[in-house]
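Thanks for coming. I will go through one structure today, starting with its ligands and then moving to the helix packing.

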Amino acid sequence: MRDHTKEKAMAGPRPVVMSGPSGAGKSTLLKKLLKEFDGVFGFSVSHTTRSPRPGEENGKDYHYVTREVMQAAIAKGEFIENAEFSGNMYGTSKAAVQAVQAKNLICILDIDMQGVKNIKRTDLNPIYVSIQPPSMETLEKRLRDRKTESEESLQKRLRAAKVDMEISKEPGLFDVLIINDDLDLAYGKLKDALLEEIQKVRDTNKS
Ligand SMILES: Nc1ncnc2c1ncn2[C@@H]1O[C@H](COP(=O)(O)OP(=O)(O)OP(=O)(O)O)[C@@H](O)[C@H]1O
Ligand SMILES: Nc1nc2c(ncn2[C@@H]2O[C@H](COP(=O)(O)O)[C@@H](O)[C@H]2O)c(=O)[nH]1
């Protein structure tokens, strides 16, 4: 069967992969982008086996599924990438990316470091953006203040963050590395990095 993900990836605007430690501020920044650039960006809704947090919506923030359902879908080849993070499964389905690309929008993927490495093996050809916290201390404070994690989950995320912060320094792994200290400054840098792609979508939509 033909893989339409590949055809669409080549035809439309380049997707954007946002990665970085849990708590660095990826969701905060991408939500600002989606709000300011309505009709330019679309979010790739991942699947996860973790439970929804208060305020999260099934089908909007994630597709919340059981491990059995997710494993079966992976076995059927429905996922571009998948990973185990902090005791749960996460993955990007082909359908999630296609849904955004079919609307000719810039597809944003919020994925962990394993996801980045796996996407590198595909021909999705995204712009790779790493969002990093100013320090481990700030990251821990942000995660604690967010009040979404148990102590066990928090410790797992902090351990993963240390590894992520080291690997993200690897030359050539990311196109853009943003330290999210002051939110407005970080958001400005993110917009600057994506300006060319944003303009392309706007030009296409005008014509
Ligand atoms: N520049 C900033 N200054 C202060 N607080 C921030 C900043 N950016 C984000 N935050 C806060 O830090 C917390 C973590 O941010 P966010 O949830 O966006 O991180 P994330 O990288 O998406 O995490 P995860 O990978 O776990 O989903 C949130 O409570 C958010 O409001
Ligand atoms: N490899 C993938 N990683 C993903 C995906 N969706 C989210 N994530 C990453 O998981 C962690 C934790 O997310 P949280 O919502 O539980 O805080 C975070 O680093 C996300 O970037 C995915 O589809 N694939």
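**Ligand contacts and helix packing**

In ligand 1, an oxygen atom sits 2.9 Å from a backbone N or O atom of glycine 25. That is a polar contact, meaning a pair of N or O atoms within 3.5 Å; within protein, one must be able to donate a hydrogen and the other to accept it, and residues adjacent in sequence count only if both atoms are side-chain atoms.

Some ground rules. This is a predicted model, where local features need pLDDT of at least 70 and side-chain atom pairs count only at pLDDT 80 or more, while totals for chains, interfaces and linings use all residues. Residues are numbered from 1 along each chain as its sequence is written, chains are lettered from A and ligands numbered from 1 in the order in which they are written, and side-chain values use heavy atoms, with hydrogens and water left out.

Back to ligand 1. A polar side-chain atom of serine 22 is 2.6 Å from an oxygen atom of the ligand, and for a side-chain N or O atom of threonine 28 the distance to a ligand oxygen is 2.5 Å. There are 14 residues around ligand 1, and Ser22, Lys26, Ser27, Thr28 and Arg146 come nearest; a residue counts if one of its heavy atoms lies within 4 Å.

Ligand 2 has 17 residues around it, the closest being Ser46, Arg50, Tyr62, Tyr90 and Asp110. Arginine 50 places a side-chain N or O atom 2.6 Å from an oxygen atom of ligand 2, and a polar side-chain atom of arginine 53 is 2.7 Å from a ligand oxygen. On the nitrogen side, a ligand 2 nitrogen is 2.7 Å from a side-chain N or O atom of glutamate 81.

Now the helices, which are DSSP runs of H or I with at least four residues, numbered from the N terminus. H2 (residues 26–36) and H8 (residues 183–206) have axes that come within 10 Å and cross at roughly 60°. Axes are lines fitted to C-alpha atoms over the stretch in contact, and angles run from 0 to 180 degrees between N-to-C directions. H2 and H8 are therefore oblique, the class left after under 35 degrees (roughly parallel), over 145 (roughly antiparallel) and 65 to 115 (roughly perpendicular).

The second pair is H6 (residues 136–146) and H7 (residues 151–167), with axes within 11 Å and a crossing of roughly 150°. H6 and H7 are therefore roughly antiparallel.

Note on methods. Helices (H or I, at least four residues) and strands (E, at least two) are DSSP runs, numbered from the N terminus.
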